[in-house]
Amino acid sequence: MADTLDLTADPVTLTAALVDVPSVSGDEQRIADLVERSLREQTALEVVRSGNTVLARTNLGRERRVVLAGHLDTVPVNDNLPSRLEDGVLHGLGSVDMKGGDAVMLALAGTLTDPRHDLTFVFYDCEEVEASRNGLGRVERELPEWMAGDLAIVCEPSNGVIEAGCQGTIRVQVRATGKRAHTARGWMGVNAIHLLGDAIARLRDHESRVVEIDGCTYREGVQAVGITGGVSGNVVPDECVLTVNHRFAPDRTPAQAEAHLRELFDGYEVTVTDFAAGALPGLASPAARELVEAAGGTPVAKLGWTDVARFAALGTPAVNFGPGDPLLAHTQQENVRVNEIGHCYEVLSRFLSARP
């Protein structure tokens, strides 16, 4: 591994260099060391280290501040290292999720010496594992000023298109309680699995909302994702649990999403097991409007959940914008088109350096 990265190199070259440093969640020290050393040696940015998260920022006294964030970790290796470049496509673990975005951020840090806005760069660890280990959460708790800005850009893969905000998610258990009996005398019991039939029918017939916010269309969904029940082959089961995941538009709070599910499953015991709030698009903010103008095209809604929600919860409008097809994330065939990496760099460079 090289001692430093050349932050003035082509972002594609930077992407390949980052991909070739294994950084499975929990093992980010080598890549964090590399990023930190490169930023300290080649930029005038203020640089701070928090665990395996590297933070860097300008302090130029600009009217607005833009935060760019990207995680350094990947899912486990799946015979997809080292990187290889073939016919304008860079292959390798993390090329999409999300070392292409990290490379764009590093190239911006290395080349934008007189940006229009003050800039904060956050390269964080442990995004691909449980939320309690996410480096952004640690930064929010210990260094909250590093999360503050007028716009946050999370450089997750978005096919080089601005994906605004994100939907929230909530999971619940819908429980039916019956009474055990021998199946030979089934009339003496109450079959909990049968009792859940109506809940499943309600799901089947449910029509989810389609919500437009700031010109972005969010399509909600309520899906059964698991079911457990049964004692043995000759016992009427006394309990059955249906697990349901609801993806809700960001105009709803988690409490409102929970209330919707409790209404949908009225008559059943409903227990919330986890949830995460969504993020409004925030496209009306001045900095976001400038980014949309620089990018061209039409922003679209982010239907999944991403760390933009962490910024939105702090009052910072946030969008997803990065190279790569998110459908390739976590697959053995992960790859990114090099022209998409270049496109994202050019858009962000234009947005961050343009003068009114």
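A residue is taken as buried when its relative accessible area is under 20%, and as exposed when that value is over 50%. In this predicted model, helix α7, which spans residues 254–264, has as its buried residues Pro254, Ala257, His260, Leu261 and Leu264. Viewed down the axis of α7, these buried residues fall within an arc of 120°, and they therefore line one face of the helix. Ala255 and Glu263, on the other side of α7, are exposed.

Helix α10 (residues 338–353) packs with helix α3 (residues 95–111) at an angle of about 40°, and the two axes are 10 Å apart. Because of this angle, α3 is oblique to α10. The crossing in which α3 passes α10 is right-handed. On the α3 side, the contact is made by Val104, Ala107, Leu108 and Thr111. The α10 side contributes Ile341, Cys344, Tyr345, Leu348, Ser349 and Leu352. Classified by residue type, the contact of α3 with α10 consists of eight nonpolar and two polar residues, with no charged ones.

Helix α10 also packs with helix α8 (residues 286–295), here at an angle of about 135° and with the axes 9 Å apart. This angle makes α8 oblique to α10. The crossing of α8 and α10 is right-handed. In α8, the residues that meet α10 are Ala287, Glu290, Leu291, Ala294 and Ala295. Their counterparts in α10 are Val347, Leu348, Arg350 and Phe351. The contact of α8 with α10 comprises seven nonpolar and two charged residues, and no polar ones.

Ala301 lies in strand β17, which covers residues 300–301. The relative accessibility of Ala301 is 11%, and since buried means under 20%, Ala301 counts as buried. When its neighbours within four places in sequence are left aside, Ala301 is in contact with Ala164, Cys216, Thr217 and Tyr218. Between Ala301 and Arg337 there is a separation of 36 residues in sequence, and their C-alpha atoms are 22 Å apart in space.

Definitions and conventions
Residues numbered from 1 in each chain as written. Predicted model: local features only at pLDDT ≥ 70, side-chain atom pairs only at ≥ 80, totals over all residues. Heavy atoms only, no water. Axes fitted to C-alpha atoms, helices over the stretch in contact; angles between N-to-C directions. Helix = DSSP H or I, 4+ residues; strand = E, 2+ residues; numbered from the N terminus. Parallel < 35°, antiparallel > 145°, perpendicular 65-115°, else oblique. Left-handed = near helix turned anticlockwise from the far one by under 90°. Contact = heavy atoms within 4.5 Å. Nonpolar A, V, L, I, M, F, W, Y, C, P; charged D, E, K, R; others polar. Buried < 20%, exposed > 50% of the residue type's maximum accessible area, 1.4 Å probe, protein only. Arc of directions from axis to C-beta.
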